[in-house]
Amino acid sequence: MNKDNSSMKMDPQLALRLLADGGVLVIAGVPEGTEFGIDLCAYTIGPDFRGVKMIPPGVHYVWCSSRGPYGDAAPRVGFVHFFHPNEIVVREWDHELEELRPRRIAEPEVERDRIRKNLAQLERVLAPYDYRYVVQWKELTGSVTESCVDRCRPTEGTIRTNIELQSCPDADRPRGGAATGSISRRNAAARLLLDESELLPDLKPLEGTAPRFTIVPLRVPQDALPADVSRHALDCIDAIDKLLEDFETADGLIEELQLAYAFFLVGYSVESLAHWRKLLGLLVHSQTAVTKHKLTYMKYSEVLAHQLPHLPEELMVPGPQNTVYKDVRELLVNLHAGGLSVSAERLSKRLEKKLGWEFEGLLDEDPEDQPVVIELPEA
């Protein structure tokens, strides 16, 4: 996240074209001193700030964070919107909830038409979209379509750092129903090792407040036979195929991956990070999937190349304790084995340059996979 108060220099002709084609966000009633952001840029609202102009078409994330009397900042609360050329979006400040909400007036279209006609007079109180970071934002969200935004954002529209939870019966928990049958009981230990959500208390999101992401299948199905548990754990092609079936095309998965990461990166959404992490933990553990879905994994490696340099600091240090690093290493091994060595080399070189991650002995046999030799005592 960037907070750059320096002025942006732009060619006048380019500025006029962007002003003519770009979208406009108008905000009303936001108190001075409130932290405001759009995409990768953050600002502090002053007395003459009423929104942003020259917003490029595409998906954008807008958030606010109110300030307390002693300068303490509240968690970020925002929304995602897919802007069309020349579109005008109006939001107002909810003083009770301290967040932006859709404008509550009888004729919103009339107000937008009035803003459009008087846009020249409003320019002085509208900040230009900071195009210094537009390339990075496009790298992170370039595949996201409007249909993906409509499908994944909460039904209430507001995205919070932590979703509101309510207690529920164990059978209604988001991770699935309670284990039933002798086979499920025998596989309980394996599922606990592979899916930490089994350890969570009996809570579920309050209706309409959580992002509506696709459900990630378990690596080991609840009804798996004991003989199949190891097979699913070593190569979860069945779960990946089931995941891809939930999308009209494989590109839908790439879009959701990008959108979930944007929710986390800009809005600090814990739920979105957990979803992104689940997808990573599933997609990296199948050599068969790389061979079967080559184009999808080529795109996925490109997505990760742009996302991983924005990881939190605690996840940037490579090592056996960093589970993201371990999963990426597993992905690189499977990319090589699945015939995508070019994608693997490109991803590893970028991570070495941006994060200092090195993957020595990547293609060497893992000692954990080698047979264990046990010397029997002499008779």
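Strand S6 (residues 77-83) and S10 pair in the antiparallel sense over 2 bridges, where two strands count as paired if DSSP finds at least two bridges between them, and glycine 78 has isoleucine 159 in S10 as its bridge partner. This is a predicted model, in which local features need pLDDT of at least 70, side-chain atom pairs count only at pLDDT 80 or more, and totals for chains, interfaces and linings use all residues. Residues are numbered from 1 along each chain as its sequence is written, and side-chain values use heavy atoms, with hydrogens and water left out.

Helices (H or I, at least four residues) and strands (E, at least two) are DSSP runs, numbered from the N terminus. The model has these two open sheets:

| Sheet order | Strands | Pairing |
|---|---|---|
| S3-S2-S5-S6-S10 | 5 strands | antiparallel |

Strand S1 (residues 23-28) pairs with strand S4 (residues 51-55) in the antiparallel sense over 3 bridges.

The axes of H10 and helix H13 (residues 294-307) come within 10 Å and cross at roughly 10 degrees; axes are lines fitted to C-alpha atoms, for helices over the stretch in contact (heavy atoms within 4.5 Å), and angles run from 0 to 180 degrees between N-to-C directions. H10 and H13 are therefore roughly parallel to each other, a term for angles under 35 degrees.

Methods: Parallel < 35°, antiparallel > 145°, perpendicular 65-115°, else oblique.
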